[in-house]
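Subject: Structure handover and findings

Hello,

Here is the structure you asked to take over. Please have the sequence open next to it while you read the notes below.

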Amino acid sequence: MAAPLSVEVEFGGGAELLFDGVKKHQVTLPGQKEPWDIRNLLVWIKKNLLKERPELFMQGDSVRPGILVLINDADWELLGELDYQLQDQDSVLFISTLHGHQMGS
């Protein structure tokens with residue numbers, strides 16, 4: 001059984017607008033059988049934090065193209081993307097590179 005994790009989740013570049021304008025969230029992920037990975041985290045974010053227009057944040061079971069994901073300031077592509085296993089006190093940053101009117105289109 002994986003223990004609960006405390007993780008900082010942050011949104012920027014306009015992505016925070018989908019989360020009531022709140023950029024930083026300190027979240028506690030509940031203990032579960034499987035270790036937490038980014039795939040599970042995205043599902044949790046969609047259920048618990050995302051306030052509107054999920055299609056602007058997610059596509060399928062991943063983030064939509066144009067959203068940069070940094071885990072502890074490193075590009076998630078270097079860390080296994082959706083399969084990266086979260087550690088306690090990790091920081092996950094989602095930055096929308098789609099600026100301005102494109103977030104709302």
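Is Lys-23 buried, partly exposed or exposed? Lys-23 is partly exposed, because its relative accessible area is 44%, and that lies between the 20% and 50% limits. Please keep in mind that this is a predicted model.

Salt bridges

Side chains of opposite charge can pair when their charged atoms come close. A search of the whole structure finds four salt bridges. One of them joins Lys-23 to Glu-16, with the closest N and O atoms 3.9 Å apart. Glu-16 is buried, at a relative accessible area of 11%.

Asp-61 also takes part in a salt bridge, with Arg-39 as its partner and 3.4 Å between the closest N and O atoms. This pair links distant parts of the chain: Asp-61 is in the loop between β3 and β4, Arg-39 is in helix α1 (residues 38-48), and the two are 22 residues apart. Asp-61 is partly exposed, with a relative accessible area of 42%. Arg-39 is partly exposed too, with a value of 29%.

Arg-39 forms a salt bridge with Asp-83 as well, and here the closest N and O atoms are 2.9 Å apart. Asp-83 lies in the loop between β6 (74-75) and β7 (91-96) while Arg-39 is in helix α1, so this pair ties together parts that are 44 residues apart in sequence.

In soluble globular proteins, nonpolar side chains tend to be buried together. In this model, the largest nonpolar core has 30 residues, and the members that touch the most others are Phe-11, Leu-29, Ile-38, Ile-45, Phe-57, Leu-86 and Phe-94. Two or more residues each come from β1 (5-12), β2 (24-29), α1, β5 (67-71) and β7. Helix α1 gives the largest share, five residues.

Phe-57 and Ser-62

Which residues does Phe-57 touch, not counting those up to four places away in sequence? Among them are Phe-11, Leu-18, Phe-19, Leu-42, Ile-45, Ile-67 and Phe-94, and also Ser-62. Ser-62 lies in strand β4 (residues 62-63). Ser-62 is buried, because its relative accessible area is 16%, and the limit for buried is under 20%. Leaving out residues up to four places away in sequence, Ser-62 touches Leu-42, Phe-57, Trp-76 and Leu-82.

Regards

Definitions and conventions:
Residues are numbered from 1 along each chain as its sequence is written. This is a predicted model: local features need pLDDT of at least 70, side-chain atom pairs count only at pLDDT 80 or more; totals for chains, interfaces and linings use all residues. Side-chain values use heavy atoms; hydrogens and water are left out. Helices (H or I, at least four residues) and strands (E, at least two) are DSSP runs, numbered from the N terminus. Buried means under 20% relative accessible area, exposed over 50%, partly exposed in between (1.4 Å probe, protein chains only). Contact means heavy atoms within 4.5 Å. A salt bridge is a side-chain nitrogen of Lys or Arg within 4 Å of a carboxyl oxygen of Asp or Glu. A nonpolar core is a set of buried Ala, Val, Leu, Ile, Met, Phe, Trp, Tyr and Cys residues joined through side-chain atoms within 4.5 Å.
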